[in-house]
Amino acid sequence: MYHLLKKEINSFLGSLIGYIVIVTLLSTCGLFLWVFKGGYNVVENGYATLESLFALAPWLYLFLVPAITMRMFAEEKKQGTMEVLLTKPVSDRKIVLAKFFAGIILVSISLLPTLIYFYSVYQLGNPVGSIDTGGTWGSYLGLLFLAAIYVAIGLFASSITDNQIVSFVTAMVLSFIFYMGFEFIGEAGIPYPLEKFLTWVSINEHYLAVSRGVVEFNDLVYFIGIKIIFLYATKLCLRKGQEKKKLVLKASMIPAILVAAYIVSGVSNFRLDLTSEKRYSVTEAGKNMVQRVEQPVEIELFLDGEMPAGFRRLQKAVVEKVDDLGAHASAKIRMRITDPYETATGTERSKFFEWLEKQGIKPYDVRNTTEKGVVTSRLYPGAIIKYKGQQLPLNFLKTSEGFSHEVNLNHSIEAIEFELVEAIRKLTREKKKQLAFLKGHGELNQWDVYDISNSLLNDFYVSRITTGQLIEGDKKYDIVICAGATIPFEEKDKIAIDQYLMQGGKLMWFIDPVRVSLDSLTRGYMTLAFPHDLNLDDMLFQYGVRLNTDLVQDVYCSRVMVNTAAFGTPENFTPEPWYYSPLLTPSDNHPISRNLNLVMSEFVSSIDTVSANASIKKSVILSSSPYARKVKTPSGISLENINNPPAKELFNIPFIPTGILLEGIFPSVYKNRMVENLGYSRQEVINESQPTKMMVFSDASIIANQVEYSAKGQRMFELGLDMVAQKTYGNKEFLLNAIHYLNDEEGIMQLRNRALKLRLLDKARLREQKRQWQVINVLLPVLLVSILGIVYNIRRRYKFSR
């Protein structure tokens, strides 16, 4: 075997055409990755990754590998040396394997110079070395697996003819059929079992996984099985004059091997994710959720066409995550990608865009610099997911103030699994839960909480109840919200709430510890901020929090329109910062609030956590910015404060808590207390709760949307809408996350904690050294191969001249 292997390598390296093939491959690859504009350009993409190489290489290898293998058996047959080779004391199997390994070594030689690309991206990373090394080596492994199948196919093609051109074309066609052809057939609407089998036969299905740095048992079995099939077929074709019956019998083993490999591939779920952050691993919560799927799930993604590199990464990440989830699903999860610009033209396209937005898909406008100048295009980074006649919109793009475009896209990629799994949870849910807003204590009315209530209807039955209804009747409420109460709570109301909590109920409090008269303020007069006692302090203190009767002022705040014109001149209203309306910061350390936009508030107070009760876990999920201060009450508030703002150095208290999550086992406020006068006996009072959750916020405006009243009725605005800045803050998304967290029994909200490192190239360095790195990556690989050829042939001539 060794001598045959050595002969094949020497034969290839000793011919000029071998170097021409490798140089052509490397030149094409270098130009596409470093010079030509387009989706493969590493510099234009701006990310420290070699994904472009591993996406381009399979197509280049469709030409390279057949060029390497086309002569291995065809030339032997043409020159008449095949019979001589078969008479040697070497088995047919060893002959085939020797040529196969020779092909693998030659492909590896062509691949080695691409390590220069790896070095370049490593050095250009921001910071240096930010490329995912583990994932990259895994991708190289996947490329070698792919090349090995191409080599096996090429050997088979070379064994059935004595014409090298016919061998080359046959190998290229067969490689393409196995790479993409079967997958195309599988997507033609054939029965699912056959579709699943043909998709499994496709090389691309398995290469996509391995090229990301993920090694699965299913893929390993496939790569080994297909190589065995073609090498076995090559062995059968070596000898002429075989009896027809024996040949047919031996050939019948090929489909048997294929079916056996298909069956064996499903035996184990072994999966090794070589990426640094395990970015392609599916969580247990995700696996459990997709295993509930009983019928096919259809997902139509509308992010396609010409778009910036970041959105191409987002599209790729969505497709990959759907594939990852589909591998664990009980039924097929089908993905279809639609380009909104290709579906229609002119008026029809505008109507299609309107239809998408009515379905809940949010548009995003991007500016692209082209040869024609700056062009603004509209993208729809969302999808519609369908299951059993139901459908839901999915919006994958997450945008938050204070983050760069690249960071927002990275946050969007982090949240893909959560968005998909949460949508599947909603579609497979058997029944809705019960959510109630308390009434009877001057709480916000139905119009004030219209937007959040309407947004919850897909997941909850939303109602308004009194405290008496909490523990009366058969209806069980899963979550109860007390928002904006203005009338103090009586003890009978408090014990009803307390016992609801003891039974495992979940509570959300939106309380204003300080009352401010907005009517006087809007007329331009001074108003007074004074403490507002709702008789809840003892209850909340027992549970672990204390609401302070102060007001938080923050440098990061929304603005109000103020007349800044001098006396006697026409009015001139300009937006000015209003420190009493802080833009609160969701905590980046909790799945509820991670990667969310700022939350708009007004007249918010600080919160302290109290008690050393180890059974209650306390988490700050909402706070001020790093530049805030507390104002004691009672105090006067006037719009004149805008003209005389506090000194900046006074805003020196960072991250003042304004929202607290409490989780665990709560003690009853009425433990060991006289409760007979409240309609309870001591035996009826539950002294300790079941494990449950509670949230407390020191501002009711967080959950309230603005309402415009007129003779025609009410007009409700979107929650979190800033009328002055004409932008919407993250109130709704934050509160929906908070409510879903309270209701989360499967651990799905923990998926929002997934963190992926943002791996960017150093843009400043690229601007200065772009030409230098282009020259290195285009010319140096070619130069190395040329030097190898010169040295090898000089050494060879010297050896034979002796």
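Is phenylalanine 352 buried or exposed, by its relative accessible area? I looked this up to get started: phenylalanine 352 is buried, with a relative accessible area of 19%. Buried here means under 20% relative accessible area, exposed means over 50%, and partly exposed lies in between (1.4 Å probe, protein chains only).

**Ground rules**

I am working with a predicted model, in which local features need pLDDT of at least 70 and side-chain atom pairs count only at pLDDT 80 or more, while totals for chains, interfaces and linings use all residues. Residues are numbered from 1 along each chain as its sequence is written, and side-chain values use heavy atoms, with hydrogens and water left out.

**Entry 1: ring pairs**

Rings of Phe, Tyr and Trp (its six-membered ring) pair if their centres lie within 6.5 Å; planes under 30 degrees apart count as stacked, over 60 as edge-to-face and the rest as tilted. I noted a total of 29 aromatic pairs by this rule.

One of them joins phenylalanine 178 and phenylalanine 182: the ring centres are 5.0 Å apart and the planes stand at 75°, so this pair is edge-to-face. These two residues are four apart in helix H10 (residues 164-186), so about one helical turn separates them. Helices (H or I, at least four residues) and strands (E, at least two) are DSSP runs, numbered from the N terminus. Phenylalanine 178 is buried at 14% relative accessible area.

Back to my opening pair: phenylalanine 352 and tryptophan 355 have ring centres 5.8 Å apart and planes at 20°, so they are stacked. They sit three residues apart in helix H19 (residues 346-358), again separated by about one helical turn. Tryptophan 355 counts as partly exposed, at 37% relative accessibility.

I also found a cluster linked by ring pairs, made of Phe54, Phe118, Tyr122, Trp137 and Tyr140.

**Entry 2: nonpolar cores**

A nonpolar core is a set of buried Ala, Val, Leu, Ile, Met, Phe, Trp, Tyr and Cys residues joined through side-chain atoms within 4.5 Å. The largest one has 87 residues, and Leu50, Tyr61 and Ile203 have the most contacts inside it. Helix H9 (residues 133-159) supplies the largest share of this core, 13 residues. A second, separate core has 78 residues, including Phe311, Val604, Ile656 and Leu736.

I then checked which residues leucine 50 touches. Contact means heavy atoms within 4.5 Å. Setting aside neighbours within four places in sequence, leucine 50 is in contact with Tyr117, Phe118, Val121, Ile131, Thr136 and Tyr140.

**Entry 3: an open sheet**

Next I traced four strands that form an open sheet in the order E5-E4-E8-E9, with mixed pairing. Two strands pair if DSSP finds at least two bridges between them. The edge strands, E5 (333-337) and E9 (390-395), each pair on one side only. From one strand to the next the twist averages 20°; axes are lines fitted to C-alpha atoms, for helices over the stretch in contact, and angles run from 0 to 180 degrees between N-to-C directions.

Strands E4 (residues 297-301) and E8 (residues 382-387) pair in the antiparallel sense over four bridges. Glutamate 298 has lysine 386 in E8 as its bridge partner. Helix H17 (residues 309-326) lies across E4 and E5, running at about 165° to E5. Helix H21 (residues 416-428) packs on the sheet too, touching E4, E8 and E9, and its direction makes about 160° with that of E9.

**Entry 4: glutamate 300**

Which strand holds glutamate 300? I found glutamate 300 in strand E4, and at 14% relative accessibility it counts as buried. Its side chain makes a polar contact with the side chain of threonine 338 (2.6 Å). A polar contact is a pair of N or O atoms within 3.5 Å; within protein, one must be able to donate a hydrogen and the other to accept it, and residues adjacent in sequence count only if both atoms are side-chain atoms.

**Entry 5: serine 624**

My last stop was serine 624, in the loop between strand E22 (616-623) and strand E23 (628-632). Serine 624 is buried, with a relative accessible area of 0%. A polar atom of its side chain lies 2.7 Å from the backbone nitrogen of isoleucine 656, and one lies 3.5 Å from the backbone nitrogen of phenylalanine 655.
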